[in-house]
Amino acid sequence: MRTPYPFVLHALCLVPVSLLLIGLHCFIGPENAVYGFFTAVRKAHPSWTPPMELFSDCALYAFYLVYVLFLLRGVRRKRPEDIFFVLSYLVAQVLIAALLCRVVKIAVGRPRPMTGGPFHPFSLGWGYQSFPSGHTGEILGSALPFIWRYGSRASLPLALGFGLLIAAVAFSRIYLSMHHPTDIWGGLVFGSLSGYASWAFWNALLTRWRERLPRRIRAWLDSAE
């Protein structure tokens with residue numbers, strides 16, 4: 001049975017990070033001013049940088065752990081919906097949040113704030129892979145599957161809670177001068193595509209694609225129903 005996509009909750013999930021980006025522009029200024037502001041903050045408070053780096057790099061690991069637990073539960077209890085849930089997430093993340101996002105990063109060649117200078121399209125240098133923000137896209141693409149699977153119109157805390165986490169990761173990338181604010185907007189686009197694609201893959205696996213699985217796998221899945 002095809003489940004509807006929760007566009008309202010998806011939009012609510014984007015509210016905190018959108019307010020963050022709009023606030024930076026309104027209260028600090030254009031992107032070069034944002035870069036200068038947070039550079040000065042890091043120099044004034046160097047002890048804040050290590051924990052910010054740790055959070056920025058490791059926030060996704062919590063999601064990875066949860067997905068692994070879902071996969072293990074699905075295999076142990078023969079729950080195809082859990083197995084397909086994780087597989088759909090992996091396919092969407094690899095194809096969109098990882099590969100497609102990486103291709104765009106290389107093709108655009110935008111310098112990171114700390115790198116500066118002109119664009120270098122098709123550069124493989126890390127300093128010229130600023131747009132879009134991969135961390136933002138991946139954290140959003142990891143959160144949305146839980147929203148479309150477990151959310152409903154009454155689940156505002158779930159959407160806003162994930163939204164605050166996404167905003168925190170986005171803020172860390174700007175604070176560390178890894179990305180411009182517009183890179184974050186780009187990451188939100190790719191993360192949204194990944195979240196929607198995972199929903200489409202999940203519904204397809206539960207309906208059409210399941211019938212195309214090898215007979216032994218279908219028999220194993222059906223034995224739990």
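1. Leaving aside its neighbours within four places in sequence, with which residues is Ser192 in contact? The model is a predicted one, and in it Ser192 belongs to helix α8. Once the neighbours within four places in sequence are set aside, the contacts of Ser192 are His10, Leu14, Leu140 and Leu144. The relative accessible area of Ser192 is 16%; because the limit for a buried residue is under 20%, Ser192 counts as buried.

2. The mean pLDDT of the protein chain is 91, and 92% of the residues score at least 70. Among the elements of the chain, helix α2 (residues 15-27) has the highest mean pLDDT, 98, while helix α9 (residues 215-222) has the lowest, 68. Where pLDDT is low, the predicted coordinates should not be read in detail.

3. The contact of α2 with α7 deserves a separate point. Two packed helices are described by the angle between their axes and the distance between the axes. The axes of α2 and α7 cross at roughly 35° and come within 7 Å. From α2, the residues involved are Pro16, Val17, Leu20, Leu21 and Leu24; from α7, they are Leu160, Gly163, Leu164, Ala167, Ala170, Phe171 and Ile174. By class, the residues of this contact comprise 11 nonpolar, one polar and no charged.

4. Most residues other than glycine have a negative phi, and most peptide bonds are trans. Between Phe131 and Pro132 the peptide bond is cis, with omega near -5°. Pro132 is located in the loop between α5 (80-108) and α6 (134-150).

5. Lys78, which is not a glycine, has a positive phi of about 55°. This residue is part of the loop between α4 (49-77) and α5. Is Lys78 buried, partly exposed or exposed? Its relative accessibility is 30%, so Lys78 counts as partly exposed.

6. Ser177 likewise calls for attention. Its phi is positive, near 60°, in a residue other than glycine. Ser177 is placed in the loop between α7 (156-175) and α8 (181-206). Why does Ser177 count as buried? The reason is its relative accessibility of 1%, since buried means under 20%.

Definitions and conventions
Residues numbered from 1 in each chain as written. Predicted model: local features only at pLDDT ≥ 70, side-chain atom pairs only at ≥ 80, totals over all residues. Heavy atoms only, no water. pLDDT = per-residue confidence, 0-100. Helix = DSSP H or I, 4+ residues; strand = E, 2+ residues; numbered from the N terminus. Buried < 20%, exposed > 50% of the residue type's maximum accessible area, 1.4 Å probe, protein only. Contact = heavy atoms within 4.5 Å. Axes fitted to C-alpha atoms, helices over the stretch in contact; angles between N-to-C directions. Nonpolar A, V, L, I, M, F, W, Y, C, P; charged D, E, K, R; others polar.
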